[in-house]
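Student: Can you take me through this one? I'd like the overall fold, then some individual residues.

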Amino acid sequence: MTEEEIIGELRGCDALLEGHFLLSSGRHSAHYLQCARVLMDPERASRMAFALSQKIPRDIRNKIDVVVSPAMGGLIIGHEMGRALGKNAIFLERPEGTFELRRGFALEKGAKVLMVEDVVTTGKSSREAIEAVEREGGEVIAEAALVDRSSGEAELGVPFYPLIQLSFPTYADGDVPADLAAVPVTKPGSRKK
């Protein structure tokens, strides 16, 4: 998919929102990409996952044993990436604030893992998820995401393959511009802290 086609998919399902958003990273933004809207159509989710799978170099794709994604945001795209790659897809949860495998999911020691997210902004969730995979005995060999909002700045410690890079300014609590601060804040993400 071209960047124009990807943007068309995002706009076609009203996934790109405007307002005042408190992101799961704790930063503020006038834009929010609601990937759940993109992924609610199974055919669109499949197209996006296939396009994303093609961004991953073949030598890395050939090493992947399993796809792991953090719930909630990465769950659907992780499942679709598993389908696109012909691999099992499992997910991490945060029942007590720290990512862990549940529901009988387990990783074989040394399993080569592709981490899959919907959106990466600062990389905090990704790094936490990668640490969880390591605690569970797996090795994350790469990460893929639908959207990189970090402007290429997220340090994940593994190769990172986004479908598209979108840059919207984000602000710390004390740096929110007055015009944005005047808009009521919405917290659409899944992370509580």
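Student: For contacts between residues at least 6 apart in sequence, what share joins residues at least 24 apart?
Tutor: Among those contacts in the protein, 63% join residues at least 24 apart. Contact means heavy atoms within 4.5 Å. This is a predicted model, in which local features need pLDDT of at least 70 and side-chain atom pairs count only at pLDDT 80 or more, while totals for chains, interfaces and linings use all residues. Residues are numbered from 1 along each chain as its sequence is written, and side-chain values use heavy atoms, with hydrogens and water left out.

Student: How many helices and strands?
Tutor: Seven helices and nine strands. They are DSSP runs numbered from the N terminus, with helices being H or I of at least four residues and strands E of at least two.

Student: And why call it as compact as a globular protein of that length?
Tutor: Because its radius of gyration is 16 Å, close to the 16 Å that the globule rule gives for 193 residues. The radius is taken over C-alpha atoms, and the rule is 2.2 Å times the number of residues to the power 0.38. Along the principal axes, the C-alpha atoms fill a box of roughly 50 × 35 × 30 Å.

Student: How much of the protein is buried?
Tutor: 45% of the 193 residues count as buried. Buried means under 20% relative accessible area, exposed over 50%, and partly exposed in between (1.4 Å probe, protein chains only).

Student: Pick a helix. What's the span of α3?
Tutor: Helix α3, residues 42-53, has twelve residues and reaches 16 Å from first C-alpha to last, close to the 16 Å expected at 1.5 Å a residue. The expected span is 1.5 Å times one less than the number of residues.

Student: Which of the α3 residues are buried?
Tutor: R44, A45, M48, A49, A51, L52 and S53.

Student: What do they pack against?
Tutor: The buried residues of α3 pack against helices α1 (3-12), α2 (35-39), α4 (58-61) and α5 (75-85), and against strands β7 (139-148) and β8 (160-165).

Student: Let's look at α1. Is E9 buried or exposed?
Tutor: E9, which lies in helix α1, counts as buried at 12% relative accessibility. Leaving aside neighbours within four places in sequence, E9 is in contact with M1, R44, R47 and M48. Of these, R44 and M48 are among the buried residues of α3.

Student: Where does L22 sit, and what does it contact?
Tutor: L22 lies in strand β1, residues 16-22. Beyond neighbours within four places in sequence, L22 is in contact with R27, H28, V185, T186, K187 and P188. With a relative accessible area of 23%, L22 is partly exposed.

Student: How far is L22 from E153?
Tutor: Their C-alpha atoms are separated by 20 Å, and the two residues are 131 apart along the chain.

Student: New topic, backbone geometry. Which peptide bond is cis?
Tutor: The bond from A71 to M72, with omega near 10°. M72 is in the loop between β3 (66-70) and α5.

Student: What about phi at D14 and R103?
Tutor: D14 has a positive phi of about 55° although it is not a glycine, and D14 is in the loop between α1 and β1. R103, also not a glycine, has a positive phi of about 60°.

Student: Where is R103, and is it buried or exposed?
Tutor: R103 lies in the loop between β5 (100-101) and β6 (112-120). R103 is exposed, at 63% relative accessible area.
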